[in-house]
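Biologist: I am new to this structure and would like to learn how to read it. Please take me through the features one at a time.

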Amino acid sequence: MRLSVARPCSWMFSTVHNAGYGVLLVTESVLWLRAIFNKRREILHQLYVCAVQSLPVTLLVGVFVGMVLALQTGLSLKPFGMQNLIAQVAGASMTREMGPLMTAIILAGRVGSAMAAELGSMKVSEEIDALEVMSISPVKYLVMPRILALTLSAPILTVYANTIGIIGAAAVGQLQIGVNYYVFFRDCFLFIDAKDLYSGLAKTVVFGATIAAVSCSEGLRTKGGTLGVGVATRRAVVTSLLMILMFNYFMTAFLYRFVY
């Protein structure tokens, strides 16, 4: 009986502790934004890793997501003669939900895991401790550039994912559903509002900061040698995905209540 009660309590304590550590890490990173100019090289390097190196897979996923949206919607609406609506459905879905969400999932799997593994390796090899001994803040030196870079990269990649996804949807509409390119893009641009774009990009800012904070937090708390690095990497990806889905729901509910 005592063991059955201790396990949930231990899990709740660990969850609250990890969440608090992540919040403090983000807060300290915000305070270190005053050192942006001094850390510009590291920030640019992290932007290259997060944005440029993630662009090919983001474009590939984006185009196929748009194509699947158009195909599924078109095949469902074609018997009713409403296949022209695929432009509105694909455009709204990509800009509001699928573009931001798929981009965040890609960044969590590709960049977040790399951040957790890199910082975790530095932690178990005592490089983090060496920085602290030299009075160098690990948050300023390692965490702040990564959080800032991923927060900036997420909306940029989302714009590319949205664009290529809508183009892929238009191609499917023309080739398989019978919706002309001109009709597709006309209806798409008439239906999509600026608030659809802004709301989707606002989501990605939150997603990017969350992924970076969770990944850096797991990396800095790594213990147990090389085995611990694998555990930290796995936990970073799983926790990031759960946080993305959770924040996506709450932000969508808020936006539909007050924005759309």
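Predicted model: local features only at pLDDT ≥ 70, side-chain atom pairs only at ≥ 80, totals over all residues.

Biologist: What can I say about confidence in the protein chain?

Modeller: pLDDT is the predictor's confidence in each residue, from 0 to 100. The chain has a mean of 87, and 94% of its residues reach 70 or more.

Biologist: How many helices and strands does the protein chain have?

Modeller: Both are DSSP runs numbered from the N terminus: helices are H or I with at least four residues, strands are E with at least two. Here there are 9 helices and 0 strands.

Biologist: Which elements line the largest cavity?

Modeller: A lining residue has an atom within 4 Å of a point. α3 (55–77) and α4 (86–124) each supply at least two residues of that lining, and α4 gives the largest share, 6 residues. Among the lining residues are Thr 58, Gly 62, Met 98 and Ala 161. To sort them by class, Ala, Val, Leu, Ile, Met, Phe, Trp, Tyr, Cys and Pro count as nonpolar, Asp, Glu, Lys and Arg as charged, and the others, Gly among them, as polar. The cavity lining has 7 nonpolar, 4 polar and no charged residues.

Biologist: How much space lies in the largest pocket?

Modeller: A pocket is an open set of points with protein on both sides within 12 Å along at least five of seven lines. The largest pocket has about 720 Å³ of space. It is lined by 29 residues, and the closest to its centre are Ala 19, Gly 22, Val 214, Thr 239 and Met 243. Two or more lining residues come from each of α1, α6, α8 (194–220) and α9 (225–258). α1 gives the most, 10 residues.

Biologist: What is the volume of the second largest pocket?

Modeller: That volume is about 200 Å³. Of its 14 lining residues, Thr 95, Asn 162, Thr 163, Ile 166 and Leu 197 are the closest to the centre. The largest share of this lining, 6 residues, comes from α6.

Biologist: At what angle do α6 and α7 pack?

Modeller: Axes are lines fitted to C-alpha atoms, for helices over the stretch in contact, and angles run from 0 to 180 degrees between N-to-C directions. α6 and helix α7 (residues 181–191) pack at about 140°, with their axes 9 Å apart. Angles under 35 degrees count as roughly parallel, over 145 as roughly antiparallel, 65 to 115 as roughly perpendicular and the rest as oblique. α6 and α7 are therefore oblique to each other.

Methods
Residues numbered from 1 in each chain as written. Heavy atoms only, no water. 1 Å grid on protein atoms, 1.4 Å probe; cavity = no way out; pocket = protein on both sides within 12 Å on 5 of 7 lines; lining within 4 Å. Points joined across faces, edges and corners; volume = space filled by probe spheres on them.
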